[in-house]
Amino acid sequence: MDSLFDDIAAAHQAIRPQAPVTPLEHSPALSALTGCEVYLKCEHLQRTGSFKFRGASNKLRLLDPAARRDGVLAASTGNHGQAVALAGRLLGVPVTVYAPASAAAVKLDAIRALGADLELVDGDALAAELAAGDAARRAGLPFVSPYNDLEVVAGQGTVGMELAEQCPELDAVFVSVGGGGLISGIGAAMRRLAPDVEMVGCWPETAATMHASLQAGRIVEVDEGETLSDGTAGGVEPGAVTFELCRAVIRHGALVSEADIRAALRLLAQTERWMVEGAAGVALAGLLQLAPRYQGKKVAVVLCGRNIVLGKFLSAVAA
């Protein structure tokens, strides 16, 4: 964990200015509603619309000259692919992204528009990850995992560095969890800078593979269902480095329903006038569920991204 913190601290300096510091906004409305002092970490305002650009930027900046020339492979349902594509364009690194054929067309179009080649795979996000990893090994190219890579995790951990600087008195941080890269990075930073801060992992009830794995004490396969939080769906790769990190940093967990996620998206639109994606709603729904535990305390909710299809968002908030 100490070496990971050192890598996070280095990334905190090195990925600037291409990955800007995002605001931490106090929400009077959500504070009044929950009885907590609520701060919103605005990762939906990060470049490409999600926190993923941090990890992608850090990973690609650390490539050797040959890897920069030959390019990298990645796997994504959308956000990670956009992030790697933009980081590659800025650094002159060719990028190929493997994605599920079922991924939202608007996200796939965004990846192409940023200059990456796209390979579509039958199956879910985990199937795309495994296909991309196999192709990378065969071609001798680096594979940029969405979470199973400590250099990517270090980039995501810069969110934690910013939180510690922006609000040193935080009591808890609520983070939606898929493969665990974001909460692992934030948690690793907080363990050094603010060790009393409680990291709260938040999952959709229908897609909680990491939660089930933590309960089982090992990575397990889960038959995930449909969820508005498509950014966190898709399972956890066998042997993922984030499993042990999540075990070390996550203090509490919240499983939220699809109705809870829709209500959180609607609440953010009503109170903050923000349109965010389902995974961001998961983190706020987690706070709404556990608010009695944090009465009068300062809590941060990481709004991890904004990349949601307009029709999907409108349908969700109208429900």
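Predicted model: local features only at pLDDT ≥ 70, side-chain atom pairs only at ≥ 80, totals over all residues.

Mentor: Residues are numbered from 1 along each chain as its sequence is written, and side-chain values use heavy atoms, with hydrogens and water left out.

Trainee: How many cavities does a search of the whole structure find?

Mentor: The general idea is that rolling a probe the size of a water molecule over the atoms shows where empty space is left. A cavity is a set of points, on a 1 Å grid over the protein atoms alone, where a 1.4 Å probe fits but cannot get out; lining residues have an atom within 4 Å of a point. Here the search finds 2 cavities of 30 Å³ or more.

Trainee: Which residues lie nearest the centre of the largest cavity?

Mentor: Lys-52, Pro-146, Gly-179, Gly-231 and Thr-232 do, out of 28 lining residues. Helices α5 (79-91), α7 (125-139) and α10 (181-193) each supply at least two residues of that lining, and α7 gives the largest share with 3 residues. Helices here are DSSP runs (H or I, at least four residues), as are strands (E, at least two), numbered from the N terminus. By class, the lining has 11 nonpolar, 13 polar and 4 charged residues. Ala, Val, Leu, Ile, Met, Phe, Trp, Tyr, Cys and Pro count as nonpolar, Asp, Glu, Lys and Arg as charged, and the others, Gly among them, as polar.

Trainee: What lines the second largest cavity?

Mentor: Its lining includes Val-177, Trp-203, Met-210, Glu-224 and Thr-232, around about 40 Å³ of space.

Trainee: And what volume does the largest pocket have?

Mentor: A pocket is an open set of points with protein on both sides within 12 Å along at least five of seven lines. The largest pocket has a volume of about 600 Å³. Of its 26 lining residues, Asp-124, Ala-125, Glu-224, Ala-233 and Gly-234 lie nearest the centre. The lining divides into 12 nonpolar, 7 polar and 7 charged residues.

Trainee: Which members of the largest nonpolar core touch the most other members?

Mentor: Such a core is a set of buried Ala, Val, Leu, Ile, Met, Phe, Trp, Tyr and Cys residues joined through side-chain atoms within 4.5 Å. Buried means under 20% relative accessible area, exposed over 50%, and partly exposed in between (1.4 Å probe, protein chains only). Among the 66 residues of this core, the answer is Leu-163, Val-173, Phe-174, Ile-186, Met-190 and Val-301. Helix α14 (residues 278-290) gives the most to this core, 8 residues. A second, separate core of 26 residues includes Ile-15 and Leu-118.

Trainee: Is Ala-136 buried or exposed?

Mentor: Ala-136, in helix α7, counts as buried because its relative accessible area is 2%. Leaving out residues up to four places away in sequence, Ala-136 touches Leu-73, Leu-141, Pro-142 and Phe-143, where contact means heavy atoms within 4.5 Å.

Trainee: What is the relative accessibility of Ser-184?

Mentor: Ser-184, in helix α10, is at 0%, so this residue counts as buried.

Key
Points joined across faces, edges and corners; volume = space filled by probe spheres on them.
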